[in-house]
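Trainee: I am new to this structure and would be grateful for a close look at a single part of it. Please take the salt bridges as the subject and explain the terms along the way.

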Amino acid sequence: MNLFTRPMKLLTAVVLEQTSDAVVRALLALGVLDFVHINKLDPQQMERLSSRPSSINRSALEDLRHRVEALLKQGHISIPATEKLDVKKVETPQLEQYKQQIDALNVSLLSLKEKQKDSNQHLMGLEELRRYIQEDKGEYLDLRLGELTHGKAEDLILKISAFGGLMEPIADTQRYISLTLRRDVSQVDPLLEKFGWVESSDVELQRQALQLIKSRLDEEHAKALQDRGAIEMEVDAVVASHQAQLYSIWSNLRLNELCDQIRSYFAYTRNTTLFSGWVPTDQASLVEKAIEDASEGQCVVEWTEASSMPRDQVPVAMSSPKALAPFQKIVNNYSTPEYGTVNPTIFVMVAYLSMFGLMFADVGQGLVLLLVGLMGSHSYKTHPLKPDGMLSRNVTSLLVYLGLSSMVFGALFGSYFGLPLVPALWFNFEAAVAGHGTLITDVYGILGITIRFGIIIIYTGLVLNWINLSRKKAYLTLLLDKNGLLGGLLFGIGLYMGFGFVRSGYRTFPSQPWIAPVVTVSLILLFARGFIIYLVSLRKGGERHEISHVVLDSVMEFLVDVLEIFTGYLSNTLSFMRVAGLGIAHASLMESFKELSSMVDGFGGVAIFILGNVLVIVLEGLSAGIQSLRLNYYEFFSRYFTGKGVAYEPVGLSNTRSEKR
């Protein structure tokens with residue numbers, strides 16, 4: 001993985017028009033070029049260039065592709081992996097022919113779809129009846145016992161089932177039991193009247209009616225499930241018999257979509273084609289060779305270094321191992337880093353897992369999270385068509401890491417489902433919370449640990465910011481910004497005085513002679529920052545302002561910076577006390593459940609202990625995960641993460657983002 005965002009180069013190439021199709025296929029196969037649209041080129045260049053309307057209706061391609069995907073999903077067949085597409089097999093799409101083939105398959109499935117629809121409705125009705133019976137909600141049911149005076153019982157049974165109801169004959173009698181939903185009474189009453197339904201006055205039989213029909217309801221439900229499964233198997237078989245044809249259509253549609261997407265970035269003269277785009281520096285030679293081979297050497301390729309372009313126009317590509325995908329997602333959800341800055345993924349991983357482990361330290365509960373994550377990930381891998389549930393694919397992957405973190409910190413603190421089964425490798429957290437710890441004796445020691453941890457996180461963010469500013473050559477900001485060296489110095493002095501005050505028993509602050517001069521000089525430099533920035537701007541040809549405006553802006557900026565340094569850093573540091581707070585709450589809850597379980601003998605005590613662990617895993621685990629995310633975003637990212645980058649989105653076979661452009 002790269003510690004910084006990947007270096008980029010801007011490609012500008014001209015090829016002969018007759019070779020442009022071959023070039024398109026070559027670039028699509030590589031899938032590393034993030035194209036720049038022709039409307040972003042120099043206006044004078046644009047006058048000599050033109051765009052051309054596509055010969056293919058891309059929306060029609062997408063519509064047909066979605067129809068193919070719907071058929072494949074209906075047959076429980078996975079959509080082909082885009083990275084397995086063969087660019088060499090791209091052909092002119094025969095849209096009318098494809099449409100006829102898809103329509104023909106839909107027609108052959110139509111009767112099965114109707115059966116499937118009826119089966120699902122019948123099954124839903126039966127399940128609703130069973131649920132109301134199980135939940136003892138008789139007010140939603142219409143249960144009747146009676147006889148038919150005319151008409152065929154089979155016809156009435158069939159009509160009752162259309163409402164999701166059930167009608168069952170009673171053995172050795174002429175009577176029937178009817179079970180429907182009360183909301184359908186207005187439709188059921190005329191139907192029963194038509195068949196001459198006469199209510200029975202047998203009280204004893206009426207009492208037994210619900211039990212008599214309940215077993216029949218269970219049988220009918222099992223049969224309905226079996227019937228629906230059989231219909232699904234028929235649908236699967238029909239779709240599977242056309243799988244090769246559907247795959248072929250889908251592949252050609254997708255390839256043509258991507259090729260047309262690439263062509264939309266092209267500009268043309270009478271005989272040549274021009275295009276431009278960003279490429280990672282380490283891929284530049286491959287791209288150039290692919291263009292030369294596809295154009296048979298009849299091309300002109302020029303490269304522009306990213307350093308000569310505005311930073312906010314350079315797309316940002318971050319190279320991180322696939323194993324770190326959950327933490328890359330955390331970064332992407334926040335924003336895209338600025339080009340040329342630190343790739344924060346590895347730092348987010350360490351910070352997030354450390355915070356979570358400190359708040360949710362237990363080997364047994366961590367093992368549960370680990371197993372849930374592994375089972376969830378395995379389920380998604382074995383069922384690729386399965387939609388994301390409450391525990392999405394990314395969350396299940398993250399749970400694996402969170403479980404391991406919880407287990408590590410649980411071993412350090414000696415907690416195994418809240419029990420001290422093995423001596424702690426560091427200190428006993430629960431003993432410290434109870435006030436009789438050894439190495440860490442009480443909750444104040446725990447608070448001290450989390451505050452020191454917060455200081456490390458904040459200074460890590462500051463150091464990363466200093467690295468980013470150095471790489472951007474923003475030396476003035478590096479020296480004088482509140483998150484620069486000056487801010488770091490004042491934060492350090494504040495920490496020195498704060499820890500000195502604590503060591504004195506909360507009586508006096510440190511009074512070393514160097515403190516006042518250093519703080520005074522720092523504040524003077526902070527005040528002068530606005531004037532220095534204005535003078536530097538004038539030297540670079542910036543706009544001149546009235547001196548009163550410059551003074552007012554500098555004073556206001558100085559006051560805001562002082563406020564942020566002296567209160568912001570303090571609040572950011574103390575914010576990490578929530579890590580201790582949730583850790584203490586976690587230990588206290590487990591202690592409470594242990595006490596409750598000890599008060600009940602036998603299975604009841606075990607049940608209370610198990611239930612307590614389940615509640616702690618769900619509630620405390622969720623709280624710890626959310627607070628870890630919050631601390632990363634608001635206390636860590638705020639020190640170095642600008643979020644001004646533009647995401648690198650190449651058009652390629654395996655790039656899912658290209659589908660959304």
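Mentor: Let us begin with Glu-69, which forms a salt bridge with Arg-65, their closest N and O atoms being 2.9 Å apart. A salt bridge here is a side-chain nitrogen of Lys or Arg within 4 Å of a carboxyl oxygen of Asp or Glu. The model is a predicted one, in which local features need pLDDT of at least 70 and side-chain atom pairs count only at pLDDT 80 or more, while totals for chains, interfaces and linings use all residues. Residues are numbered from 1 along each chain as its sequence is written, and side-chain values use heavy atoms, with hydrogens and water left out.

Glu-69 and Arg-65 both belong to helix 3, four residues apart, or about one turn of the helix. Helices (H or I, at least four residues) and strands (E, at least two) are DSSP runs, numbered from the N terminus. Both Glu-69 and Arg-65 are buried; buried means under 20% relative accessible area, exposed over 50%, and partly exposed in between, with a 1.4 Å probe and protein chains only. The pair is also part of a network of salt bridges that links Arg-65, Glu-69, Arg-254 and Glu-257.

Helix 3 (residues 58-74) also packs against another helix. Its axis and that of helix 4 (residues 95-134) come within 11 Å and cross at roughly 35 degrees. Such axes are lines fitted to C-alpha atoms, for helices over the stretch in contact, and the angles run from 0 to 180 degrees between N-to-C directions.

The structure holds 28 salt bridges. One of them joins the side chains of Asp-21 and Arg-263, at 3.3 Å from N to O. Asp-21 lies in helix 1 (residues 20-30) and Arg-263 in helix 8 (residues 243-263), so this pair ties together parts that are 242 residues apart in sequence. Asp-21 is partly exposed, at 38% relative accessibility, and Arg-263 is partly exposed at 26%.

A further salt bridge brings together the side chains of Arg-529 and Asp-561, at 2.8 Å from N to O. This pair links distant parts of the chain, with Arg-529 in helix 18 and Asp-561 in helix 19 (residues 547-575), 32 residues apart. Arg-529 counts as buried at 8% relative accessibility, and Asp-561 is buried with a relative accessible area of 4%.
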